[in-house]
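Thanks for making the time this morning. Let me put the chain up on the screen before I go through it.

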Amino acid sequence: MRMEGLETVLEPTAAQAVAVVLHELATNASKYGALSDAKGRVRLTWARSDDRQLTLRWTELGGPRVNKPERKGFGSRLIEGTISPLGGKVLFDWRSEGLVCEIVVPT
């Protein structure tokens, strides 16, 4: 796993939400995604904008081929349901080479 971003302090509620989301992404990656393959890897980047928005980008590479799910699963609903109440948003990009999930939360 590779991580890149400047040190960022979050309010406790936002920090807890981000922790839940990252745990869910890691769990799914280890079961079905990039981390289920020895060659797979995950890149996590984050940046804070001038308007006090934190953008996290989870990118999976090198795992099994990915197909966009036909319906929202528990994990997607959990992630959206955790971020949405904070005024944030989630974008899932189901690329064949791996999932890219972008999360934006106010800080």
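This is a predicted model: local features need pLDDT of at least 70, side-chain atom pairs count only at pLDDT 80 or more; totals for chains, interfaces and linings use all residues.

Residues are numbered from 1 along each chain as its sequence is written, and side-chain values use heavy atoms, with hydrogens and water left out.

By a nonpolar core I mean a set of buried Ala, Val, Leu, Ile, Met, Phe, Trp, Tyr and Cys residues joined through side-chain atoms within 4.5 Å, where buried is under 20% relative accessible area, exposed is over 50% and partly exposed is in between, with a 1.4 Å probe and protein chains only. The largest such core has 18 residues, and those touching the most other members are Leu25, Trp58, Ile83, Val90, Cys101 and Ile103.

Taking contact as heavy atoms within 4.5 Å, and leaving aside neighbours within four places in sequence, Val90 is in contact with Ile79, Glu80, Ile83, Cys101, Glu102 and Ile103.

Is Thr45 buried or exposed? Thr45 is buried, because its relative accessible area is 18%. With neighbours within four places in sequence again set aside, Thr45 is in contact with Glu4, Thr55, Leu56 and Arg57.

Finally, the pocket: on a 1 Å grid over the protein atoms alone, where a 1.4 Å probe fits, a pocket is an open set of points with protein on both sides within 12 Å along at least five of seven lines, and lining residues have an atom within 4 Å of a point. The largest pocket is lined by 21 residues, and Asn28, Tyr32, Pro69, Trp94 and Leu99 lie nearest its centre.
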